[in-house]
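Here is a short briefing on one protein model and its ligand. Keep the structure open while reading.

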Amino acid sequence: MKSPIWHPYAHLKTQTPAPKVSGGQGACFTLETGEQLLDATCSWWCMIHGYGHPRLIQAIRDQAGELCHVMLGGLSHEPADRLARELVRITPAGLNHVFYSDSGSVGMEVAMKMAVQYHRLQDKPHKHRMLALMKAYHGDTAGCMAVCDPEEGMHGLFSGYLPQHHFAPAPTAAFDADKADVHHDLQALRAVLERHHHEIAALLMEPLLQAAGGLNMTSPHYVKGARQLCDEFDVLLIFDEVATGFGRTGKMFAADHAEVTPDIMVLSKGLTGGYLGHAATLATGRVHDAFIGDSPEHAFMHGPTFMGNPLACRVALESLAVFEQENYLDKIARLSELLRRELCDDTQLRQHPDVVDVRVLGAAAVIETRCADNLEGVGEFARRHGVWLRPIGRWLYTMPAYITTEEQIRRITSTMKAWFQR
Ligand SMILES: *Cc1c(COP(=O)(O)O)cnc(C)c1O
């Protein structure tokens, strides 16, 4: 019998059978047939330490022996408390409060609810819409779909079902653009704010790297300018660092490149090293303290069952300890250098008629092609080379685990390039 599993983003008529994964070690996972695949995606960007990491496994085992789960309503526990303190320590100064949830989408829902309620508590109930960017991806729940790119964001068919928000053009200046080069992008953002600020609660962005929207990269100057605009128009700034957090852009957080503190910041994916689903929504004192008051409206009415799950918090603490003790930022810098040499510096690749652009930022690299047809069959092709690649639309990318060896990175990049030379 065919498996009853309904796979994500799958076209049921054309999908190929999903092979079963039985285990994994380092950057590779193993299929039940014994076939080994080098994971160029680190499983949707979360398995930053790779598979089978002994310290992460041990942390889960130890915690399982003590406490697997308890509600966070009215109760607390050591792993949740310690992790919250660690997150406050490593995130930009001022983010001093941590609200847990169980996935990136829910973490973003929490952030948006927080922003709307914040303004309501400031007697500005008309500030109840979001301002998002084109090419944005913030998750698949209804609230999140409504702030994804409404044209290319996979959710166009739900437009009648979703609340209406505002959108500004996606930034176009490159990561290393000068301050003057972001002027045009910031003017576009300003134009929307000038017209609609009276009803905008928050500006949402995936800082520096719009990930699922095609690895669109932009400059820290843009992020800084956005912070200033938010202050000018009394709009909260929410950073969705679900994908960029924990080193992906070359610093611990994308916010660190711009030395900007958002009002609210969302973390997930790399938070637990991918070993368990979890998320954290951090808020500054300004946001948090607005909720101190006497009316019933001052309580933040949200509470996912599994928020602060002890196993997830414990493995997140271990993941962070490994990240810092083993100098992951240095590893990421080396990966980045290598990705740049292998992909950006390859003139043959850049000049290929199907290729529009090649970009690298931190441990993320993408070959942008003209249309999705240019990548038809690339997954099967890569698999024959022992590599797991899964393009998004017309973007062929890699976001490898940070422990991926130099030899393995070359195998990933040479497979990506071989597709265009075949
Ligand atoms: C993956 C992702 C999300 C959604 O996270 P889930 O855990 O899949 O719900 C939100 N924002 C960004 C930037 C993401 O990459």
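The model is predicted.

**Ligand site**
- Around the ligand sit, among others, Trp45, Ser103, Gly104 and Ser105.
- Tyr137, His138, Gly139 and Glu206 are also among the surrounding residues.
- Asp240, Val242, Ala243 and Lys269 belong to the surroundings as well.
- By class, this shell holds four nonpolar, five polar and three charged residues.

- Lys269 places a side-chain N or O atom 2.6 Å from an oxygen atom of the ligand.
- Asp240 has a side-chain N or O atom 2.7 Å from a nitrogen atom of the ligand.
- Gly104 uses its backbone: an N or O atom there lies 2.9 Å from a ligand oxygen atom.
- Of the 380 Å² of accessible area that the ligand has on its own, the protein covers 82%.

**Lys269**
- Lys269 sits in the loop between strand E11 (264–267) and E12.
- Its phi is near 30°, a positive value in a residue other than glycine.
- Most residues other than glycine have a negative phi.
- Is Lys269 buried or partly exposed? Lys269 counts as partly exposed because its relative accessibility is 25%, between the cut-offs of 20% and 50%.

**Trp44**
- Trp44 is part of helix H1 (residues 42–45).
- Phi of Trp44 is also positive, near 55°.
- With 40% relative accessibility, Trp44 counts as partly exposed.

**Thr284**
- Strand E12 (residues 279–284) contains Thr284.
- Thr284 has a relative accessible area of 10%, so it is buried; the cut-off is under 20%.
- Which residues does Thr284 contact, leaving aside its neighbours within four places in sequence? They are Gly94, Leu95, Asn96, His97, Thr261, Pro262 and Asp263.

**Open sheet**
- Four strands make up an open sheet, ordered E1-E2-E3-E15, with mixed pairing.
- Strand E1 (21–25) and strand E15 (387–388) are the edge strands, and each pairs on one side only.
- E15 pairs with strand E3 (residues 36–39) in the parallel sense, over two bridges.
- Across from Trp388 in E15 stands Asp39.

Definitions and conventions
Residues numbered from 1 in each chain as written. Predicted model: local features only at pLDDT ≥ 70, side-chain atom pairs only at ≥ 80, totals over all residues. Heavy atoms only, no water. Near = heavy atom within 4 Å. Polar contact = N/O pair within 3.5 Å; in protein donor to acceptor, adjacent residues only side chain to side chain. Areas by Shrake-Rupley, 256 points an atom, 1.4 Å probe, with all protein chains shown as cover. Nonpolar A, V, L, I, M, F, W, Y, C, P; charged D, E, K, R; others polar. Buried < 20%, exposed > 50% of the residue type's maximum accessible area, 1.4 Å probe, protein only. Contact = heavy atoms within 4.5 Å. Pairing = 2+ DSSP bridges.
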